[in-house]
Amino acid sequence: MNYFVEGIQGSGKSTLVRKLSEKYPGCTAVMEGDYSPVELAWCARMSEAQYSEILEQWKDLRDQIRSKSHQEGDCRIVCYTQIRSGNRDFYRQLEKYEIYNGRTAFEEFREIVLTRYRNWHGDGSIFECSLFQNAVEDMILYRDMPDDAILDFYQEVRSALNGREYEIYYIESPDIEKTLNAVRKERVDGDGNEVWFNLLMEFFAHSPFAQKRSLNRYEDLLMHLRHRQALELRICRDIFGERATEIPSRAYDL
């Protein structure tokens with residue numbers, strides 16, 4: 001069996017992944033930024049030529065880059081957020097090779113995602129937000145796709161996963177504002193600054209979806225997250241059906 005833990009930001013996905021890992025020690029937890037057979041969040045996907053250029057440009061990081069690189073066909077996947085560097089330009093440059101946030105034409109994006117699901121045949125993995133969060137945010141905020149088109153995409157995802165053993169645990173936040181307010185107080189730096197929340201707000205406000213509609217307030221972010229959660233629950237119910245279980249955020253018995 002494999003497990004996909006899903007939900008909006010701050011709903012408690014990482015906590016549930018940890019608890020499931022403790023309950024099933026034979027399983028492997030795959031977090032955002034790890035090398036994953038199904039998900040490319042916080043990972044750069046590049047050609048061999050681009051990879052060689054990166055190695056040449058960042059000679060002082062070459063060993064780290066190689067240790068966090070994986071071959072997939074004629075591409076290289078680099079888990080760049082796991083590389084330690086004091087130069088922020090390195091992360092900005094590698095970020096450009098991510099497939100999300102409108103960086104890839106939709107047909108190419110669709111083919112990359114579906115191919116990786118089709119090629120995956122593993123067992124015993126617990127994946128953190130590897131089905132919905134990054135892909136759905138990409139399609140809503142950067143491609144302005146209607147809900148029905150996103151549902152059509154997930155029909156294809158379901159087909160690509162045929163024959164695999166998996167369950168989806170969707171952590172539902174009944175009060176999204178309460179959830180965010182709790183998490184933003186937890187995820188602060190040493191001086192008490194709300195670093196995580198500020199990054200989340202910036203990510204939303206600078207997206208094409210928000211800029212097109214002049215959405216830049218906290219209330220606008222809440223509206224988006226309510227819509228996203230409702231859409232993801234609809235995907236769970238209408239497309240994945242018996243494979244999806246809804247769990248109340250921070251109020252479940254393992």
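How many Å² does the accessible surface of the protein come to, and what percentage of it belongs to carbon and sulfur atoms? About 12400 Å², with 46% from carbon and sulfur (Shrake-Rupley method, 1.4 Å probe; for residues, only the protein chains shown count as cover).

Before you click around: this is a predicted model, where local features need pLDDT of at least 70, side-chain atom pairs count only at pLDDT 80 or more, and totals for chains, interfaces and linings use all residues. Residues are numbered from 1 along each chain as its sequence is written, and side-chain values use heavy atoms, leaving out hydrogens and water.

Start with everything shown as a cartoon. The C-alpha trace spans about 50 × 45 × 35 Å along its principal axes.

Next, select residues 2-6, strand β1. Five of its five residues are buried, meaning under 20% relative accessible area with a 1.4 Å probe, protein chains only. Show the side chains: Asn-2, Phe-4 and Glu-6 are on one side, Tyr-3 and Val-5 on the other. In a regular strand, side chains alternate between the two faces of the sheet.

Look for Phe-4 opposite Ile-168.

Finally, bring in β6, residues 125-128, also parallel to β1 and joined to it by three bridges. Here, Tyr-3 has Ile-126 as its bridge partner.

Key
Buried means under 20% relative accessible area, exposed over 50%, partly exposed in between (1.4 Å probe, protein chains only). Helices (H or I, at least four residues) and strands (E, at least two) are DSSP runs, numbered from the N terminus. Two strands pair if DSSP finds at least two bridges between them.
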